[in-house]
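Please open the structure in a viewer and keep the sequence beside it.

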Amino acid sequence: MIGQGLGVVALFDSDNAGKLAEEQLRKKWITCYKNARAETLLIGDAMGNEGLDVTLEDLFPDDYYVAKVRASHEQRLNDKGLDTSTIELCGSGPILPRLRERFKQIGVELNKGSVAKLIRADLIRCSNVEDLPIGVKEKGEVLMKSLRRAFGANLNYR
């Protein structure tokens, strides 16, 4: 899109993998284009959580996300002789590290993609923002304001 002269804001998780991908795009690709109208943004920074590992999954309430994890992994858990109540969060902080640790403990692989499919199906059924899980609207508004600032201030959009 940059090569076509379009303005771009690329949003990345602010965990280690996201930071690495953001840095690679910013330093190795964007710099190849003179006068590129491009910006990168980490979700943690956009959400006012600078320096914290924040991922897209953190836009959703813990209980909602865990319910989707349980639903999407039910068969895998059953195959190991476990039921979905085995999936619980301990501690605080970003949801993915907490879930990864729990999945490591029980010896099952966490598949974020299968969780995302269930969430996507829910989002498609939403007819307005009031249908979103509690708190998603407010977090989404904060994220969108940051994206608008990145487009407006850094990309000179009208």
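**The largest pocket**

The lining of the largest pocket comprises 10 nonpolar, 1 polar and 4 charged residues; here Ala, Val, Leu, Ile, Met, Phe, Trp, Tyr, Cys and Pro count as nonpolar, Asp, Glu, Lys and Arg as charged, and the others, Gly among them, as polar. The model is a predicted one, in which local features need pLDDT of at least 70 and side-chain atom pairs count only at pLDDT 80 or more, while totals for chains, interfaces and linings use all residues. Residues are numbered from 1 along each chain as its sequence is written, and side-chain values use heavy atoms, with hydrogens and water left out.

The volume of this largest pocket is about 280 Å³. Select Leu56, Glu57, Leu59, Phe60 and Ile119: of the 15 lining residues, these are the closest to the centre of the pocket. The elements that give two or more residues to the lining are α6 (112-125) and α7 (136-155). The largest share, 5 residues, comes from α6.

Two definitions apply here. On a 1 Å grid over the protein atoms alone, a pocket is an open set of points where a 1.4 Å probe fits, with protein on both sides within 12 Å along at least five of seven lines, and lining residues have an atom within 4 Å of a point. Grid points are joined across faces, edges and corners, and the volume is the space filled by probe spheres set on the points.

**The whole chain**

Next, display the protein chain as a cartoon. Its secondary structure comes to 7 helices and 2 strands; helices (H or I, at least four residues) and strands (E, at least two) are DSSP runs, numbered from the N terminus. Along the sequence, the pattern is β-α-β-α-α-α-α-α-α. The C-alpha atoms fill a box of roughly 55 × 35 × 30 Å, taken along the principal axes. Of the 158 residues in the chain, 36% are buried, where buried means under 20% relative accessible area, exposed over 50% and partly exposed in between (1.4 Å probe, protein chains only).

Return to Leu59, which is found in the loop between α2 and α3. Is Leu59 buried or exposed? Leu59 counts as buried because its relative accessibility is 12%. Leaving out residues up to four places away in sequence, Leu59 touches Met47, Val136, Lys139 and Leu143; a contact means heavy atoms within 4.5 Å. The C-alpha atoms of Leu59 and Gly140 are separated by 7.2 Å, although these residues are 81 residues apart along the chain.

Now select Phe60 and Tyr64. The structure holds 1 aromatic pair. Phe60 and Tyr64 form this stacked pair, with 5.6 Å centre to centre and 25° between the planes. Rings of Phe, Tyr and Trp (its six-membered ring) pair if their centres lie within 6.5 Å; planes under 30 degrees apart count as stacked, over 60 as edge-to-face and the rest as tilted. Phe60 is buried at 11% relative accessibility, and Tyr64 is buried at 14%.

Which residues touch the most other members of the largest nonpolar core? Among its 27 residues, they are Tyr65, Val69, Ile87, Leu99 and Phe103. The elements giving two or more residues to this core are α2 (43-46), α3, α5, α6 and α7, and α5 gives the most, with 5 residues. Such a core is a set of buried Ala, Val, Leu, Ile, Met, Phe, Trp, Tyr and Cys residues joined through side-chain atoms within 4.5 Å. Select Val69 to see contacts with Ile87, Leu99, Phe103, Leu110 and Val115, not counting residues up to four places away in sequence.

Asp122 is found in helix α6. Asp122 counts as buried because its relative accessibility is 17%. Apart from neighbours within four places in sequence, Asp122 is in contact with Tyr64 and Lys68.

Finally, select Asp53, in the loop between α2 and α3. Asp53 counts as partly exposed, at 29% relative accessibility. Not counting residues up to four places away in sequence, Asp53 touches Ser14, Asp15, Lys19, Asp58 and Pro94.
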